[in-house]
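Please look over the following structure with its sequence at hand. The paragraphs below lead through it step by step.

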Amino acid sequence: GRADAAGALRRALGGEAGAAEEAAAAAWARLEGAQGWDHPAWRELYVLGQACLSVELGATAEASGDAAVARKAMKCVDMAFIMGGPPEVLGEFAEGSQGLLAELEGPCSLPPEARPLPDAPPADAPCVAPEHVIPRVHCPSLEVFREEYFKKDKPVVITGACESWGALQKWRDLNFIVGKYGRRHVPLEVGQHYDSEWREEVMEMREFALRHLLHLGPEGEEAPVGYLAQHPLFDQLPALTKDFEVPRYTRVGEFGRACAWVGPKGTVTPCHFDSYDIFLTQAVGYKFIKLFAFKDSKYLYRSQAPWVEQRKWPGSKASGKATSLGAQGNISQVDVENPDHERFPLFKEAHCMETVLGPGEMLYIPMRCWHHVRSLTTSISVNFTF
């Protein structure tokens, strides 16, 4: 009950061994129960419990030199991040756990066969027909973007505005990220959204890179698609923000946040719309994107699709917003690249806009514009909401 959970937290804050784990477990049990986290206090209980547990485990690891215990301490901090803990509070806990692991285990790296990610478009990239192509413009002024695209809800690919980003070169070598953050944990969507086996996992960054991005996992293992999708990674790993800039074009609205999308070839975000404007920006790799104007909603067979409802990470503000939209039908039932015209005959009337987005290019996706995204290569994208 609440009283027992509160008591466990009080004892944890007082330094009683085992109480922190008890407090965090009580919050997790509540989340998995019928009521869920029906009050912010349950999230706070979980975050504080995990933070206290990380300190307890860290002290044990430091005294014993046990790297396995230090890894558990690191996971406690990252789970607190993933479940919505405040970065400004958890940052020091993360640095402490990360530093301890580096002392006990030494540098983190990928094997020699891990090559830089390709920077050329794949041979099998779709050809976009002229009647479907999304307009491209090179470094428009803020005024031109506002008047010609933002005010008209007109999608556009902007080129040349991100060429100074350090991410374009640094992030191609996954050793750059793994060397700094290989022992950090991130939430993944595993499997495809149209697949009944779709699930969510938490995994160390190094294992994610090996298994899902480089396909260098255990011999003979066929890893399913693993996607770090719409995660506030830059709150969790703030030093990465030095490698990119928030696009100046977001000044036409009110900037929200930057989120990361990292995954191998074949990751798919099914066709849906959002309640905010977006710049989808490629740092590494290529994506194929199909857009549909909101006026074509009548051809897209809105659904109460489980894709949104299965997003269980309460720490993601975006998932909370998307869940509320699910009730409005912001998901299309149609697989827009392979439509079933017998089930969805009206889809033939929808007019699509398409592009292949490459490194250094950003796509403006207006609020409520339907979008479907497929990775053509291993890809790292940053989306900016405003």
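In this predicted model, Cys-139 counts as partly exposed, since its relative accessibility is 33% and the partly exposed class lies between under 20% for buried and over 50% for exposed. Cys-139 is found in the loop that joins β1 (136-138) to α6 (142-150). Its backbone deserves attention as well: phi of Cys-139 is near 45 degrees, a positive value in a residue other than glycine.

With a relative accessible area of 47%, Asp-153 is partly exposed.

Another loop residue is Pro-339, placed between β11 (331-332) and β12 (352-357). Pro-339 has 24% relative accessibility and therefore counts as partly exposed. When its neighbours within four places in sequence are left aside, Pro-339 is in contact with Val-334 and Phe-347. From the C-alpha atom of Pro-339 to that of Pro-270 the distance is 12 Å, while 69 residues separate the two in sequence.

Is Val-284 buried or exposed? Its relative accessible area is 1%, and Val-284 is therefore buried. This residue belongs to strand β8 (residues 278-284). Apart from neighbours within four places in sequence, the residues in contact with Val-284 are Leu-117, Ala-167, Trp-171, Arg-172, Thr-378, Ser-379 and Ile-380. In the case of Leu-117, the C-alpha atoms of the two residues are separated by 7.7 Å, although Val-284 and Leu-117 are 167 residues apart along the chain.

The next topic is the packing of helices. Two packed helices are described by the angle between their axes and the distance between the axes. For helix α3 (residues 40-64) and helix α4 (residues 67-82), the angle is about 165 degrees and the axes are 8 Å apart. Because angles over 145 degrees count as roughly antiparallel, α3 and α4 are roughly antiparallel to each other. The crossing in which α3 passes α4 is left-handed. On the side of α3, the contact is made by Tyr-46, Val-47, Gln-50, Leu-53, Ser-54, Leu-57, Gly-58, Thr-60 and Ala-61. On the side of α4, the contributing residues are Val-69, Ala-70, Lys-72, Ala-73, Cys-76, Val-77, Met-79 and Ala-80. Sorted by class, this contact has twelve nonpolar, four polar and one charged residues.

A further pair consists of helix α8 (residues 174-181) and helix α9 (residues 205-213), whose axes come within 8 Å and cross at roughly 150 degrees. α8 and α9 are therefore roughly antiparallel to each other. Leu-174, Ile-177, Val-178 and Tyr-181 of α8 make the contact with Met-205, Arg-206, Ala-209 and Leu-213 of α9. By class, seven residues in the contact of α8 with α9 are nonpolar, none is polar and one is charged.

Which residues of α8 are buried? They are Leu-174, Ile-177, Val-178 and Tyr-181. These residues cover an arc of only 95 degrees around the axis, so they lie on the same side of α8. Among the elements that cover the buried residues of α8 are α5 (87-105), α9 and β15 (379-385).

Key
Residues numbered from 1 in each chain as written. Predicted model: local features only at pLDDT ≥ 70, side-chain atom pairs only at ≥ 80, totals over all residues. Heavy atoms only, no water. Axes fitted to C-alpha atoms, helices over the stretch in contact; angles between N-to-C directions. Helix = DSSP H or I, 4+ residues; strand = E, 2+ residues; numbered from the N terminus. Parallel < 35°, antiparallel > 145°, perpendicular 65-115°, else oblique. Left-handed = near helix turned anticlockwise from the far one by under 90°. Contact = heavy atoms within 4.5 Å. Nonpolar A, V, L, I, M, F, W, Y, C, P; charged D, E, K, R; others polar. Buried < 20%, exposed > 50% of the residue type's maximum accessible area, 1.4 Å probe, protein only. Arc of directions from axis to C-beta.
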